[in-house]
Amino acid sequence: MSDASQGGLPALPVTFRPRSTRVVLLVAAAALFAVITLVALLLPQLGAGERISFVFTAALLAGVLCLLARPKVVADETGVTVVNITNRRRLEWPEILQVNLRSGDPWVFLDLSDGTSLPALGIQPGMARQRAIADARALRALVEARSTAGPEPTRD
């Protein structure tokens, strides 16, 4: 987020998501569904049941790709909602102690006040490393500004 990189906090609500990965997955899902359905309709030797199974399989595969495109992190005035592939978790600002994106991490991890760590797949450096770093810094700045617990000291 450009606001955070210039020293200010991003305006709330703000949504962090891997845009290029999402676009690739959604385009692939649509193309896969279209191609398999077209094949099912064009093959003359297939019966009605086989055509339906082709389309059902295409829908299932496209659905999996859509699930993979789902992750996001939404920060608003009251807290953060982390949406991963199959689950959603709402966190209040004081519950988040630290935002981590270390070199080699596949996505951001949130250290929580209950002693656990929550992966936040909505910020991942896969296809857009610099954007993920900027998003992680913006979320870290928001956590530090809004958490009543304050930031945890970094442990090496």
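Contact is defined here as heavy atoms within 4.5 Å. On this basis, 49% of the contacts in the protein with a separation of 6 or more are made by residues 24 or more positions apart. The structure is a predicted model, in which local features need pLDDT of at least 70, side-chain atom pairs count only at pLDDT 80 or more, and totals for chains, interfaces and linings use all residues. Residues are numbered from 1 along each chain as its sequence is written, and side-chain values use heavy atoms, with hydrogens and water left out.

The secondary structure comprises four helices and seven strands, where helices (H or I, at least four residues) and strands (E, at least two) are DSSP runs numbered from the N terminus. Along the sequence, these elements follow the pattern α-β-α-α-β-β-β-β-β-β-α. Of the 156 residues, 34% count as buried, a term that denotes under 20% relative accessible area, with exposed meaning over 50% and partly exposed in between (1.4 Å probe, protein chains only).

Strands S2 (72-75) and S3 (79-83) form a hairpin with three residues between them. Their pairing, for which DSSP must find at least two bridges, is antiparallel and extends over four bridges; within it, Val74 stands opposite Thr81 of S3. A hairpin is also formed by S3 and S4, with four residues between the two strands. S3 pairs in the antiparallel sense with S4 (residues 88-92) over five bridges, and Arg88 in S4 is the bridge partner of Val83. Five of the five residues of S3 are buried. Both faces of S3 are covered, with Gly79, Thr81 and Val83 on one side and Val80 and Val82 on the other.

An open sheet of three strands has the order S5-S6-S7, with antiparallel pairing. Its edge strands, S5 (96-100) and S7 (117-120), each pair on one side only. Neighbouring strands of this sheet are turned by 25° against each other on average, direction ignored; axes are lines fitted to C-alpha atoms, for helices over the stretch in contact, and angles run from 0 to 180 degrees between N-to-C directions. Four bridges join S5 to S6 (residues 108-112), and Val99 has Leu110 in S6 as its bridge partner. Helix H4 (residues 129-146) packs on the sheet and touches S5 and S6, its direction making about 165° with that of S5.

A nonpolar core is a set of buried Ala, Val, Leu, Ile, Met, Phe, Trp, Tyr and Cys residues joined through side-chain atoms within 4.5 Å. The largest such core has 24 residues, of which Val80, Ile96, Val108, Leu110, Ile123 and Leu139 touch the most other members. Two or more residues are given to this core by each of S1 (14-16), S2, S3, S5, S6, S7 and H4, with the largest share, six residues, coming from H4. Apart from this core lies another, of five residues, among them Leu25, Ala62, Leu65 and Ala69. Beyond residues up to four places away in sequence, Ile123 touches Phe16, Val73, Trp107, Val108, Ala132, Asp135, Ala136 and Leu139.

Most peptide bonds are trans. A cis peptide bond joins Leu12 and Pro13, with omega of about -5°; Pro13 lies in the loop between helix H1 (2-5) and S1.
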